[in-house]
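Here is a quick tour of the model on your screen. Keep the sequence and the 3D view open side by side while you read.

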Amino acid sequence: MQPPSRWLPFEKPLQELEEYVQELERLTATRGIDKSAEIARLKARRDKLCEQIFSQLSPWDKVLMARHPSRPYTMDYIRLMFEDFAELHGDRRFGDDPAIVAGLAWLDGRQVAVVGHQKGRDLKERQFRNFGSARPEGYRKALRVMQLAEKFGRPVVCFVDTPAAESRLEAEERGICEAIARNLAEMSVLRVPIAVVVIGEGGSGGAIGIGVGDWVMMLEHSTYSVIPPEGCAAILDAFGRDASRGPEAAQALRLSAQDALEFGIADEVIDEPLGGAHRDPGGTAARIKHSVVRVFQQFGTMDPEELIRRRYEKFRGIGVFTEPTPQDDEVGPPATEGSDTA
């Protein structure tokens, strides 16, 4: 197990053990001191502690994991999962948006379209990619590539990983709301299978702009929420309009992959390697690939009209709830059904 480049607060006990193991391995390699028995004992202890820690993560811990700076991004999965990726640029209206990558590739002998948010590893790349917050031209580029895939009968893979869509004035002037809304409408009736994978942060409209699919998957430590926890805490009186109370807001938002599965927002949660996707990117990519290939096998032979009907019903069913009537308390008839489309 290789240590991440940056340890999260709840990983401090693991960090101490890992650094001690590395020191013993260094002594063994440089001075010929045989510490193999002690190293094996410490590694077993470390693995047991890691399993204990990651089985008890709080919602805020999940947020930190989804944002981990070493976590694999879309381009990492493209490299690990696909062959002959050919990136396409531009929306044919304004320009290119590096916050979204899109193109054509081969997956397990099948040509597919790939679309995904891309964050950056260092400050320079993060600024270039706008920290994964896509602009209107990014969503229009994504739609252009998806419609190209539809024209040639190729399924689509979407990787979601963004804190939110770009919200500055220039994005509003160029129609960010219309661009996201258009993607929702057009993806709803796309006549080819769409597999969506939330690999990190699934933030607000930035996520759903490429998040309409026949099967929505989330990595174990990813999140999906209408707003980042800090933003939620900053605007709600319940948290004193205090962004520092983000951990409390994370608890209230129910934003984990497990919550999304329970609510019917996600169809599948993909397990990550112990300690997170960044500890074994290749293993994580293999798990995602297995699920995506299975989805395309399942939906690839479906009639396009049936595909569209099923996709429509899937998303219309999100947020359905039952609301008791005053008579329920008296005679107990079945609750009436309603639909919350917020």
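## Ground rules

Let's start with burial: a residue is buried at under 20% relative accessible area, exposed at over 50%, and partly exposed in between, using a 1.4 Å probe on protein chains only. This is a predicted model, where local features need pLDDT of at least 70 and side-chain atom pairs count only at pLDDT 80 or more, while totals for chains, interfaces and linings use all residues. Numbering runs from 1 along each chain as its sequence is written, and side-chain values use heavy atoms, with hydrogens and water left out. Helices (H or I, at least four residues) and strands (E, at least two) are DSSP runs numbered from the N terminus.

## Positive phi spots

Most residues other than glycine have a negative phi. You'll find Asn-130 in the loop between helix 5 (123-128) and helix 6, and it counts as buried because its relative accessibility is 8%.

Asp-84 also has a positive phi, near 55°. Asp-84 belongs to strand 1 (residues 83-87) and is exposed, with a relative accessible area of 63%. Then there is Asp-108, with a positive phi near 55° in the hairpin of strand 2 and strand 3, where two residues sit between the strands.

## How the strands pair up

Two strands pair if DSSP finds at least two bridges between them. Strand 1 and strand 2 run antiparallel, joined by three bridges, and Ala-86 stands opposite Leu-104 in strand 2. Strand 2 (residues 100-107) has six of its eight residues buried, so the rest of the structure largely encloses it. Strand 2 also pairs with strand 3 in the antiparallel sense, over eight bridges; there, Gly-103 stands opposite Val-114.

From strand 3 (residues 110-117) to strand 4 the direction is parallel, with four bridges, and Val-114 has Val-157 as its bridge partner in strand 4. Strand 4 is in turn joined to strand 5 (residues 194-203) by six bridges, again in a parallel run. Val-156 has Ile-194 as its bridge partner in strand 5.

## Strand 4, inside and out

Which residues point each way from strand 4? Val-156, Cys-158, Val-160 and Thr-162 point one way, while Val-157, Phe-159 and Asp-161 point the other way, and all are buried. In a regular strand the side chains alternate between the two faces of the sheet. Strand 4 (residues 156-162) has seven of its seven residues buried, so it is largely enclosed by the rest of the structure.

Lys-141 lies in helix 6 (residues 136-151) and counts as buried because its relative accessibility is 0%. Its side chain makes a polar contact with the side chain of Asp-96 at 2.9 Å. For a polar contact, a pair of N or O atoms must be within 3.5 Å; within protein, one must be able to donate a hydrogen and the other to accept it, and residues adjacent in sequence count only if both atoms are side-chain atoms. The Lys-141 side chain also reaches the backbone oxygen of Asp-97 at 3.0 Å. Beyond neighbours within four places in sequence, Lys-141 is in contact (heavy atoms within 4.5 Å) with residues including Leu-88, His-89, Ile-100 and Val-101.

Arg-46 lies in helix 2 (residues 36-54) and counts as buried, at 5% relative accessibility. The side chain of Arg-46 makes a polar contact with the side chain of Asp-47 at 3.2 Å.

## Cavity and pocket

On a 1 Å grid over the protein atoms alone, a cavity is a set of points where a 1.4 Å probe fits but cannot get out, and a pocket is an open set with protein on both sides within 12 Å along at least five of seven lines; lining residues have an atom within 4 Å of a point. Grid points are joined across faces, edges and corners, and a volume is the space filled by probe spheres set on the points.

The largest cavity has a volume of about 90 Å³. Its lining has 14 residues, with Glu-201, Thr-223, Ser-225, Pro-228 and Pro-229 nearest its centre. Strand 5 gives the most to that lining, with three residues. The second largest pocket holds about 310 Å³ of space. Of its 15 lining residues, the closest to its centre are Arg-67, His-68, Pro-69, Lys-119 and Glu-201.
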